[in-house]
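Here are my notes on this one, in the order I'd go through them with you. Have a look at the model first, then read on.

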Amino acid sequence: MLQFQVDQERCIQCGECALDCPSGVIALDDFPQITNEGGCIRCQHCLAVCPTAAISILGKDPAASAPLPGNLPDPDQLTTLIKGRRTVRRYQEKDLDPELIDRLLEISCHAPTGVNAGSVLFTVVKERAVLNRLRDHLIGRLAQLQQAGQLPGGLAGNYLNWVVNAWQEKGRDIIFRGAPHLLITSAPTAAPCPEQDCLIALTTFDLIAHAHGLGTVWDGICMMALAACPDALGRLGIPADHTLGYAMAFGEPAVEYHRCVQRGPALVNVVKW
């Protein structure tokens with residue numbers, strides 16, 4: 001049930017909800033009403049666009065939504081966050097507060113998804129001890145594959161050989177870089193665009209994590225290790241009918257960066273039709 005409700009005392013009959021509905025299922029007949037419940041994609045645009053907070057849907061109270069005017073970030077500060085975020089490969093040996101991790105994930109689930117599918121699964125390791133056991137399993141399996149000459153070829157093989165050798169010879173964790181936590185995004189393969197949804201969600205997590213002073217690393221080596229050791233996916237609890245997005249290790253950084261780097265100019269292709 002959509003539970004679409006209109007507070008007629010608040011509603012000014014501006015029609016913004018009907019105009020902005022991406023599915024076109026709201027009509028203005030004196031007051032707004034849903035014409036096709038099955039066509040609603042549950043995006044809550046109607047709740048967000050109403051200037052007088054007259055519309056409720058899905059049981060949501062518009063008064064519980066943060067107002068946008070006056071609460072958006074300063075563009076210059078957001079620019080500094082985007083330009084200043086670094087890939088962190090040095091972490092403090094302590095777990096983050098689980099409530100903070102939950103908060104970051106709750107924010108990240110607001111990332112856009114195709115057709116508002118909202119089906120991204122956040123598989124998270126909240127304890128360093130658990131991640132250490134996953135690391136030991138992966139490196140042990142990779143070592144077996146290395147000894148049997150069964151590691152993949154090419155770039156992935158080069159990296160995975162490095163993973164095994166660095167751990168065995170120096171005790172260096174190349175997979176997770178010593179981070180205490182891991183986040184893997186996945187989504188049902190049947191979703192409209194599962195890979196894109198997963199990457200958008202992880203990018204959202206990346207930015208809010210850095211805004212909280214945390215460090216992250218987009219973990220391509222973890223993805224290579226999981227591809228070589230697919231048995232780990234089931235033990236991680238990732239459904240078999242899901243498409244993997246990407247992995248990200250994160251935690252409290254043991255390094256501090258003091259300025260943005262300088263990149264560009266952007267590679268731009270201007271279309272002249």
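**Notes on the model**

1. Let's begin with Leu58, which sits in the loop between β4 (55-56) and α3; helices here are DSSP runs of H or I with at least four residues, strands are E runs of at least two, and both are numbered from the N terminus. Phi of Leu58 is near 60 degrees, a positive value in a residue other than glycine. At 23% relative accessibility, Leu58 counts as partly exposed. The cut-offs are under 20% relative accessible area for buried, over 50% for exposed, and partly exposed in between, with a 1.4 Å probe and protein chains only.

2. Some ground rules. This is a predicted model, so local features need pLDDT of at least 70 and side-chain atom pairs count only at pLDDT 80 or more, while totals for chains, interfaces and linings use all residues. Residues are numbered from 1 along each chain as its sequence is written, and side-chain values use heavy atoms, with hydrogens and water left out.

3. Now the overall picture. The protein chain has 9 helices and 8 strands. Its C-alpha atoms fill a box of roughly 75 × 50 × 45 Å along the principal axes. Of the 273 residues in the protein chain, 36% are buried.

4. Most residues other than glycine have a negative phi, and most peptide bonds are trans. Gln3 has a positive phi of about 50 degrees although it is not a glycine. Gln3 lies in the segment before β1 and is partly exposed at 44% relative accessibility. Towards the other end, look at the peptide bond joining Gly264 and Pro265: it is cis, with omega about 5 degrees. Pro265 belongs to the segment after β8 (242-251).

5. How many salt bridges are there? The count comes to 5, where a salt bridge means a side-chain nitrogen of Lys or Arg within 4 Å of a carboxyl oxygen of Asp or Glu.

6. Two other salt bridges are worth a click. Asp136 pairs with Arg135, and their closest N and O atoms are 3.0 Å apart. Here Asp136 is partly exposed at 40% relative accessibility, whereas Arg135 is buried at 13%. Arg10 and Asp7 meet through their side chains at 3.7 Å, N to O. Arg10 is partly exposed with a relative accessible area of 45%, and Asp7 is partly exposed with 33%.

7. Helix packing next. Axes are lines fitted to C-alpha atoms, for helices over the stretch in contact, and angles run from 0 to 180 degrees between N-to-C directions. Helix α4 (residues 98-108) and helix α7 (residues 194-211) have axes that come within 9 Å and cross at roughly 130 degrees. α4 and α7 are therefore oblique to each other; angles under 35 degrees count as roughly parallel, over 145 as roughly antiparallel, 65 to 115 as roughly perpendicular, and the rest as oblique. For helix α5 (residues 128-147) and α6, the axes come within 9 Å and cross at roughly 110 degrees. That makes α5 roughly perpendicular to α6.

8. Finally, two C-alpha distances to set side by side. Ala187, in strand β6 (residues 181-188), is buried at 0% relative accessibility. Ala187 and Asp241 are 54 residues apart in sequence and 8.3 Å apart in space, C-alpha to C-alpha. Cys11 is in the loop between β1 (5-6) and α1 (16-20) and counts as buried at 15% relative accessibility. Cys11 and Leu100 are 89 residues apart in sequence and 38 Å apart in space, again C-alpha to C-alpha.
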